[in-house]
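Visitor: I would like a close look at a single part of this protein. Please keep the explanation plain.

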Amino acid sequence: MSDSWSFKLFDVAGTAVRVHFTFFLLLAWIGAIHWTRGGPAAAIDGVIFILLLFVCVVLHEFGHIVAARRYGIRTPDVTLLPIGGVASLERMPEKPSQEIVVALAGPAVNLVIALVLMLVLGARFDFTQVAQLEQAQTTLMGRVAAANVALLVFNLIPAFPMDGGRVVRALLATGLGYTRATRVAASIGQGLAVVLAIVGLMGNPLLVLIAVFIFLAASGEAGYVQMRDYTRGYLASHAMITKFEALSPLSTADDAAQLLLRTTQQEFPVVDGAGTLRGMLTRDALVSALRSTGGATPVLDIMTRDVPTVPESGCLDAVFKLMQQRGGARFVGVVDPSNRLIGYITAENLAELIMIRQAREPAQQQAASTRA
Ligand SMILES: [Zn+2]
């Protein structure tokens, strides 16, 4: 979920903590309700509650992250959303049993927090508070305990992409395979989102917000897993463009314009005498240079610099991740052991690879069902 609707707050032990804007919608909504019902004092109380809630959500996510680390999986970032967070693990645990442990580690943290608040600090709340978090009727600690029970309950709903949904997917994955299990779990999640939205429209706007989030997140995750599944098992060298014309660091915009006409390429690697990739010149950058600074402009001045590269033996997964990242790469160079450019991969390339795999999928599925 590292999309444009979220931004980074800080880093903890190699994990960037990001916040999705809908998290602030929830916070603002709770803050506003406190203000209208109790004035500034209630609003301050509400803000403290919100900050504590935020801490609990972060701790929930770090429950997942610590559990994943046990299996040697790092987590580059975690995004906070109204009903919890999404920790983007570097990879999923291979075994469904490990995925279940990782999925349950988050809610377990909320359970521990709620139990500590109630048993050790004597916080009290009644369960009707769980559905009415916006109401400031009990003590702060009571509400934090209630919030943790709410996080626990919501995340255990067997709707993908929540933790309960991940448990369902892990259970399904043993029989269906990861991609189909994700699709089924996502459908269950979306169906549940529709039900939640209908219930929410009858008087609880918070439920509608949650429903919209579940629906979007479920389709996002299903799409991501599908893409990842299609690129899995391929090397960067399988998908790269190998027939291409390159520019030299001495080339000008005029040289590039010639190449643009002679070839079907829309982007040109700029490669130096040692075969090292210096940058990529796009058609758009070329056209705007011709318009503004003229044909004598050196390509070095108008190319995209810092194009990431992967070794030819690198996994296509890694390329996909480079492109998926925030402000992701539009091109990835593929280099041989002596760092010479031997090809490059564009988003269209990946799309073509996926088209080919999709076209072949029915045959593969038939083969799989025959085996089963
Ligand atoms: Zn979780």
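Visitor: Is helix α3 mostly covered or uncovered, and how many of its 17 residues are buried?

Guide: This is a predicted model, in which local features need pLDDT of at least 70, side-chain atom pairs count only at pLDDT 80 or more, and totals for chains, interfaces and linings use all residues. Residues are numbered from 1 along each chain as its sequence is written, and side-chain values use heavy atoms, with hydrogens and water left out.

Helix α3 is mostly covered, with 12 of its 17 residues buried. Buried means under 20% relative accessible area, exposed means over 50%, and partly exposed lies in between (1.4 Å probe, protein chains only). The buried residues of α3 include the run Gly142, Arg143, Val144, Ala145, Ala146 and Ala147. Asn148, Val149, Ala150, Leu151, Leu152 and Asn155 are buried as well.

The helix itself covers residues 140–156. Helices (H or I, at least four residues) and strands (E, at least two) are DSSP runs, numbered from the N terminus. The expected span of a helix is 1.5 Å times one less than its number of residues. For the 17 residues of α3 this gives 24 Å, and the end C-alpha atoms are 24 Å apart, so the two agree.

Elsewhere, a search of the whole structure finds 4 salt bridges. A salt bridge is a side-chain nitrogen of Lys or Arg within 4 Å of a carboxyl oxygen of Asp or Glu. One of them joins Arg340 and Asp336 at 3.5 Å, N to O. Arg340 is partly exposed at 42% relative accessibility, whereas Asp336 is buried at 14%.
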